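Work through the exercises below with the model open. Try each task before reading its solution.

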Amino acid sequence: MSDEKIKKARRHVSQSEELIFERSGDGKRGMELPALDVPAVDAHAALGAEMVREGVEGFPQVSEIEVVRHFTRLSTWNYAIDLGMYPLGSCTMKYNPRVNEFVARLDGLASEHPYQPAELSQGCLRILRDLEKALLAITGMDAVTIEPAAGAQGELTGLLVIHAYLKDAQGSPRKKVLIPDSAHGTNPASVSLTGYQVENIRSDASGQIDFSELDRLVTEDVAALMLTNPNTLGVFEERIADVARLLHERGALLYMDGANMNALAGVTRPGDLGVDVMHLNLHKTFSTPHGGGGPGAGPVAVVKALEPFLPVPVIVDDGSGHLKLDDQRPKSIGRVKAFGGNFGVLVRALAYILAYGPGIRQATEDAVLNANYIRKNLEGFYDLPYASASMHEVVFSDARQKKNGVSTIDIAKRLIDYGFHPYTTAFPLIVPGAMMIEPTESESKEECDLFVDAMRAIAEEAAEDPNLVKTAPHSTRVGRLDEVKAARKPILRWKPEA
Amino acid sequence: MYPSQFRYTKEHEWVKREGDLATIGITDYAQHELGDIVYVELPAAGAKLETGQAFGTVESVKSVSEIFSPVSGEVAEINTALADHPEKINEDPHGAAWLVRVRASNAAAELDALMDGAAYEAYVAEQQKEASS
Amino acid sequence: MRYLPKGDAERRAMLEAIGAKSIEELFGSIPAEFRLAGPLPVPGPLAESEIIGYFRERAGENSLGYSSFLGAGVYRHIRSVVADALLQRGEFLTSYTPYQAEISQGTLQWIFEFQTLISQLTGQEVANASMYDGSTALAEAALMAERLTGRHRLLAARSLHPEYRQVLETYAQHAGLQIETFGYDASGRADLAAMRAALDEQTAAVILQSPNFFGVLEQVPDAAGIVHAAGALLVATVAEATSLGIARPPAEADIVAMEGQSFGLPPSFGGPFAGVLATQEKFVRQMPGRLAGQTTDTSGRRGFCLTLATREQHIRREKATSNICTNQALCALAMTIHLCLLGREGVREMAEQNLAKARYAREKLEAVPGVECVFGAPAFNEFVIRLPRSVRQVNATLLEDRIIGPLALGPYYPELAKCGLVCVTEVTRREEIDRLADSLARILNAQAAVTPGAVLRGAGERSG
């Protein structure tokens, strides 16, 4: 592999860094506590000898500088948005604004206890209320809960609300939820948690939900359809209003998975499309940081009829502008998380919305522009399974490269050598060898061009030198990890040498 | 490739009958499709099986496949070697990597309904052609 | 707009390359009647300084300047600024879930260290990479126990955090799980005799929190013996993780559902926190949540990758152990760094300081005429006091002294009317405790009637 072919590469620092336990030494500490200003207590006397532990076995003993170096070095082995694009489909890896971090840490916000009296929490409650109002404006729905801790928990919450509503309105919650074959795995998993049965519904040749199949499948046993829109192919469900109408006529509801809201914010509103319940992923569309896997937040917005069933607590105004938390809601599905929503994440999402204002539409337009630009430039090089228009993401497949034994995973790994994080491999399941690409609005034309150049170069390599691709990545600190060994004989923690 | 004394299901299980004892495993095609096997979940001895019912799973790193029983009866024995060495399924799917032995009273009749070695080979060839089209 | 790296010239060039005349064309698949004509009515756009101004104003409308004696599952502890400095490195803050192991070794290694630290702390064999929080971790632990035993009954101690109990009920409602309760005795500990009597062959698990909601340490080994004899599993919940620095860990429990907030996470009005599940190795395939495992790469170098993924939703879908996808990674990292800074000695010292402050506070408050400490069993950093008057009314008056008083327990436990839960930690200053005692003494012995305003302020509040 020659350097001149690769226009952009990231070299990983190859310094070896052991586990923190392996560099631990007796008696070292990284943090000191101020001296006690009250008399010390003998733990054995206070608790009884059998209740006391002498020390946490194996816990590290390191100095502050060792901790700083250890974690700093570890961080240099990670890719991150701050370094470059993550073209991961449906993840919406956009820039995480730093002002969001600053405001979430403010004294007076980070310091607040959820059980404080309401009169000493008006600032926090006002932030939540302002966020709720903004989310309702963006989604076009009637009521929202900011309790759920993530998208999947939002799905669970939404399904529980549907269950409670149908039981209340129709006397029975019904039995099944329809899920498209292109759906994200959390959808069927969430359905199972609510006691509903999953029934799969296939997509048609355009990649959208098969309307005649829907007509056939929506019986009085069907409580809802869970639809992602745009779907995981990046295609807008053009018949969504008809879908909503059909469901409503038969007493069922439309749930929208809002993971792909980045294609819609400011351009259209799910509430206008006939959606009854939806969740948002604040760590996607609303820029809160992924932090290596979380935290997130998954607010759920509903139409008026479903409002009484939302989880507790709900923020209410006592009429004089004084806000408080109300947990006396007789029809509520209950509490989904102790102490309220992920406030720190909600603060960040509001900061993001305030930065854009109505201009949030521009972000959506740029996201869709980037995806279409990449699609146009890669169309000749990779197989495009669906001709339908792409919104904010596009799905290719490895069909052409497979002829040389090169798969989507190989191409993804080779992309690493070009300085990019891989796109989403092998999802959605309806596209064998899928390559799901979502650039987001945070990428410049230049970055998109670099990505296109990299993908074109890899397509050529797949034809001329497939082995180079199949054994990628070549430039990282570690090569491909043996996942089979990790699964057969899991080693899930460090243990001291016997 | 596919032993003639076995019978085969459409879900790629094989079954060998000896009297009223039926030995069940997954075929070479199945292990190849799954890739490196990392884990096998089997029922306990004594568990009752029904024809066509899923009774366990075979896992690779990225997928899980259910195993369906071609016979009905009671599990007499499970292959405990697979707990520590699931890779045996990749190495010897038709021999050392049998999964369970079932006491199946109606085995003869149930097996008659299944494919023989030649039929299964043809079925596999068809599946492979479909997959690459 | 400062977050968008394109100028209009680039936008035009890209549209041209696509062959579209305008951006509207790219939205052509959205039916015209649903495309918004005007701008959304959302506030903004604000410059960075204006955003900061907005949030500073909100921060000034909360409880700055007040002393607080609230705990009840969310604890104020010392946090080092070192953790924040490291967390805000872009490679940690803005990185994704480590599915692509080769470029995520930083994340995977700290997760492996986190799993180790939690195992050590809880006395369990393995731990996962985090759940949303302690309450949902408990709910998942209950579902896990149901899967492992095939049984459908749960026995929960009454001294379990009431909101944890509510979350458990939300998750259990459609899983066919029945939840029953067993009480606590006069010492404040769970009544193990009552537990033994309530156990039957349909019980999947018993849920015990230690320290419990009243701050009292439970007898986990004794409970485990009784529970196991009935063929059930013991799920131990830990809401105040700092206690594990001094208290014997729940090693005899089968599953531990822990809230890690105490180690390095601010109260932040309720979240984000970091739940975690820890268990025995033999149960690991039924445990939800991500797991980092050690392995080697193509050259034999040690490395880490996510493993046992077949438990998870992206592979198992409707048969997954849970629907969880996003977890609390950055919060778990904060915990990891914090635990490494504290280390073996610091974790113990922090716990000892909590014991010392709680002992001091207890003695000071007990000395106030009218104040009674309710439970006598060994406790960590919280205890229950009984007052001669409504806790809410007293708290309303304490606010005038800029003190946020104990959590009123009456709304959760009718038998504990006029009782409040006091929490002190290593950050509570001696002079704050003295002031609380002095104010209480004054309030309880005052002849003046409580003013209507104070009563109204107190009504409907949970802690004042």
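The exercises cover domains and chain contacts in this predicted model.

**Exercise 1.** Find the domains of chain C and state how far apart their centres lie.

*Solution.* Start with the assignment. Domain 1 of chain C is made of 67–78 + 346–446, and domain 2 covers 81–339. Next, take the centres over C-alpha atoms. They are 28 Å apart.

**Exercise 2.** Describe the side of domain 1 of chain C that touches domain 2 of chain C.

*Solution.* Count contacts with the 7 Å limit between C-beta atoms. Domain 1 of chain C brings 24 residues, and domain 2 of chain C brings 22. Now look for the elements on the domain 1 side. Helix H12 (329–366) and strand E12 (382–386) of chain C each supply at least two residues. H12(C) gives the most, with seven residues. Finally, sort this side by class: 15 residues are nonpolar, five polar and four charged.

**Exercise 3.** Which element gives the most to the side of chain C that touches chain A?

*Solution.* First count both sides. Chain C puts 167 residues into the contact, and chain A puts in 172. H12(C) gives the most, with 23 residues. By class, the chain C side holds 79 nonpolar, 54 polar and 34 charged residues.

**Exercise 4.** How many residues of chain B are in contact with chain C, and what are their classes?

*Solution.* Four residues of chain B meet four residues of chain C.

Key:
Residues are numbered from 1 along each chain as its sequence is written. Chains are lettered from A and ligands numbered from 1 in the order in which they are written. This is a predicted model: local features need pLDDT of at least 70, side-chain atom pairs count only at pLDDT 80 or more; totals for chains, interfaces and linings use all residues. Domain bounds come from an automatic or database domain assignment. Two residues are in contact if their C-beta atoms, placed from the backbone, lie within 7 Å. Helices (H or I, at least four residues) and strands (E, at least two) are DSSP runs, numbered from the N terminus. Ala, Val, Leu, Ile, Met, Phe, Trp, Tyr, Cys and Pro count as nonpolar, Asp, Glu, Lys and Arg as charged, and the others, Gly among them, as polar.
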